[in-house]
Amino acid sequence: MADTQSARSIAYTRAPFSTWLGIVCLFVLFGLIVLAVIGPSPRTSDYEETRAKKRMEKLKTLHEESQKELTTYAWVDKNKGVARIPIDRAMEVTVADLAQKKPAPAGPIATPASAEAMAGKPAAPAASPQGAAVSSPPAEAPAKAGPPSSGAASPSPATQPSPPAPASPAPATTP
């Protein structure tokens, strides 16, 4: 029992004043070092002006380099035979190349599958070759007007007829 009391008294002893004084002196020393390093550096408008001048010089050199790349010939990879040409010349070559090609005719626009095709019913009739529009059958009228009775079950959306798909015009022929 005497050992436990002595262990507790050792664990709870206060730190001597010299320890606290040493910690405070370390913080003061660190603060003086920081002031010695940061203090002499000037932060005036002259400092900001020199930074702005350096940024403008970097921007100017970057702009000159990019203009040089856009307006001169150079090898990108000589072993593979890849070269860089001026942008103006590249546009001229591209326009001349596209002018020689005949544009391909556009095909008909594909419409998404209708609900009838997904339900297994035949799709709406296609337009006739003469370009005449095909009329669609009229929509069926409901058998009963008014709200259904509480005892009757309403038809499911799959069994209800969907509206007919609009007929697409015949594709235009190119001469």
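Is D97 buried, partly exposed or exposed? D97 counts as partly exposed, at 38% relative accessibility. Keep in mind that this model is predicted.

D97 has a partner. Its side chain meets that of K101 in a salt bridge, 4.0 Å from N to O. K101 is exposed, because its relative accessible area is 52% and the cut-off for exposed is over 50%.

How many salt bridges does the structure hold? The count is three. Another one joins E92 and R89, with 3.5 Å between N and O. Both residues sit in helix α4, which covers residues 87-100. They are three residues apart, or about one turn of the helix. E92 is partly exposed, with a relative accessible area of 49%. R89 is partly exposed too, at 41%.

Now move to helix α3, residues 45-71. Here E48 forms a salt bridge with R51, and the closest N and O atoms are 3.7 Å apart. E48 and R51 are separated by about one helical turn, because they are three residues apart in this helix. E48 has a relative accessible area of 41%, so it is partly exposed. R51 also counts as partly exposed, at 39%.

Finally, turn to a nonpolar patch on the surface. It is formed by L26, L29, F30, I33, V34, V37 and I38. Together they have about 710 Å² of accessible area. Take V34 as one of these residues. It lies in helix α2, residues 17-38. V34 is partly exposed, with a relative accessible area of 33%. Patch residues need over 30%, so V34 passes that cut-off with its 33%.

Technical notes: Residues are numbered from 1 along each chain as its sequence is written. This is a predicted model: local features need pLDDT of at least 70, side-chain atom pairs count only at pLDDT 80 or more; totals for chains, interfaces and linings use all residues. Side-chain values use heavy atoms; hydrogens and water are left out. Patches are made of residues with over 30% relative accessible area and no salt bridge: like charges are joined within 9 Å, nonpolar side chains (Val, Leu, Ile, Met, Phe, Trp, Tyr) within 5 Å. Accessible areas come from the Shrake-Rupley method with a 1.4 Å probe; for residues, only the protein chains shown count as cover. Helices (H or I, at least four residues) and strands (E, at least two) are DSSP runs, numbered from the N terminus. Buried means under 20% relative accessible area, exposed over 50%, partly exposed in between (1.4 Å probe, protein chains only).
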